[in-house]
Structure formats: C-alpha cells, structure tokens
Amino acid sequence: MGTVDRLTGVLSKENFYEAVREILQVYPGKKFELLRTDVERFKIVNEIVGEYAGDRLLRIVSQVLQRIALRPGAVGRLHSDHFVILYEAGKKHREKILQAIEAASHEFSTEYRVIIDCGVYTIHDREMPVSVMCDHANLALQKAKGNYLVSCGEYDEGMGEALRQEQFIMNAMEEALAKQQFKVWLQPKFELEEQQIVGAEALVRWEHPKRGVISPARFIPVFERNGFIFQLDSYIWEETCKLLAKWKAAGLKPLPVSVNISRVDVYN
C-alpha cells in the first residue's frame, strides 16, 4: 500500500494509523485530539452531480485540511468521504479546522448544498488502537449528523458502551438470522366503527437466548448502516407470507398484514 491516498494526496488509512502512533510516542507530554469528517449523503452527491464532482469535493476537503499544516499532526483518509486529522489540543486548533472545513463546503459550488459533519475524540489512552480512536470520533460525529445546531460532536464515555453494543449486534446478527431469533410480532389494526380487528402490522423483534427481547431501536439503525437490513427485511417479508399461508391452510380467513421495510430498501 502506498504512503498516500492516490485520489486526495493525504495519508492512506494504515499509514495514518502508523503516523498517529509515532506522534504519540515522540510527544508524550502533549495532549492530542482526533477529528473525523463525513459528508452527509455523499452517495447522493455522486448521483446528482456526478462522480467526477464527488471526487473534486474530496480533493477540496483534503487540500483544505493539508493547508492547515498543524505540527505535530497528520491527515488521512479512512475510506470514501471520511477524513481524519490528528492535532495538538488547545491553541484554538479545533476552531481553525472547523472553519476550514466549512470553507471547503462553500468552495464546492454546485446546485447541491454540501454539509460536512465532524466528530472529535480527545486522546486519553495512548495505548488504544488508532482504529478504535477513529471509531470513537465516528460516534461523536453522529451527534452532529442531521443536527444543525451542533457543528461538531464530542466523544464521551457513554458512547463507549454504545460502541460495544453495536459490536455485539454485528457479531451476532448472522447467527441470529440463521437460527430464526428474529420473530414477527403482529400489532392488530382495530376498526372502531365495526368493533373488530381488520388487519395487522408485522413488527420485528430479536428474541436473543441470553439477552432476551432486543428492541428494533437498537439493531435496525446498525443494520441500515452495515447493509444487513436487506437480509432482515426479506426474511420478515417471507415469514409474514408463511404466516398468511398457515392461516389459509387452517381454513382461516387471512387478514391483510402490512410489512414495514427500511428506507434503505426504498432507496435501492
């Protein structure tokens, strides 16, 4: 792997990780922060204004971050539209970076408004893998995503538990699907005038053998981010159809059952 990302000229992921480790070793007495960026709906940016324009936006962001040239520090690209920058905490460095990122979003002058979210992790544990530091900054970034009153989210320790919960969900999801731990729960639709049940809505619940019932509010957002939602939605759709077929085979009149699907499914 080359030392820099070919498209943007900043450090590639692995080399950024190495640079951070070296800087933390060389400057043991300095306090550092790691800031991560994400362009909101970058995939749609590519589709609306074209991949060439999307690449141009990435180059603008990388050039702006490199021009700041904070020393000691490093700038890298993790993947797609995610950049990370290591810099010494204090001296209004964070403010300078945020102002530069905002300027970069304005410099990309097209009909599409660009919003760049940021998240910061203040490094306390220098022995922590740099990849985990970047994950912490990404959790902080979620505070700013879609929240235009917050320009930059900051990591707090409560987010660490959220990260562990998300990792558990990702580790267990495929086995849970294979072992049919995801269950269809039916929420009745009741007609007040006729005073009878006229249908139902299919809801998904994860019945874990050790953790009990896991709310979809905990696992659906994770599945939407990692793409597993396609498999889960297909499974729930099929299980609902099987249930209707079972009712018919038993001589019962099946009622209409609505099945929710993810917005990710609709988009694709």
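Visitor: At roughly what angle do the axes of helix α6 and helix α7 cross?

Guide: Two packed helices are described by the angle between their axes and by the distance between those axes. In this predicted model, α6 (residues 158–178) and α7 (residues 216–226) have axes that come within 10 Å and cross at roughly 70°. The pair therefore counts as roughly perpendicular.

Visitor: Which residues of α6 meet α7?

Guide: From α6 they are Gln-165, Glu-166, Ile-169, Met-170 and Met-173. Their partners in α7 are Arg-218, Phe-219, Val-222, Phe-223, Arg-225 and Asn-226. By class, this contact of α6 with α7 holds six nonpolar, two polar and three charged residues.

Visitor: How many disulfides does a search of the whole structure find?

Guide: A disulfide needs two cysteine sulfur atoms within 2.5 Å. The search finds zero. Cys-118 is in no disulfide, and its nearest cysteine sulfur belongs to Cys-152, 5.4 Å away.

Visitor: Is Cys-118 buried or exposed?

Guide: Residues under 20% relative accessible area count as buried. Cys-118 is at 1%, so Cys-118 is buried. Cys-152, at 14%, is buried as well.

Visitor: What radius of gyration does the protein chain have?

Guide: The chain has 23 Å, whereas a compact globule of 268 residues would have a value near 18 Å. Along its principal axes, the C-alpha trace spans about 75 × 45 × 40 Å. Buried residues make up 43% of the 268.

Technical notes. Residues are numbered from 1 along each chain as its sequence is written. This is a predicted model: local features need pLDDT of at least 70, side-chain atom pairs count only at pLDDT 80 or more; totals for chains, interfaces and linings use all residues. Side-chain values use heavy atoms; hydrogens and water are left out. Buried means under 20% relative accessible area, exposed over 50%, partly exposed in between (1.4 Å probe, protein chains only). Axes are lines fitted to C-alpha atoms, for helices over the stretch in contact, and angles run from 0 to 180 degrees between N-to-C directions. Helices (H or I, at least four residues) and strands (E, at least two) are DSSP runs, numbered from the N terminus. Angles under 35 degrees count as roughly parallel, over 145 as roughly antiparallel, 65 to 115 as roughly perpendicular and the rest as oblique. Contact means heavy atoms within 4.5 Å. Ala, Val, Leu, Ile, Met, Phe, Trp, Tyr, Cys and Pro count as nonpolar, Asp, Glu, Lys and Arg as charged, and the others, Gly among them, as polar. The radius of gyration is taken over C-alpha atoms; the globule rule is 2.2 Å times the number of residues to the power 0.38.
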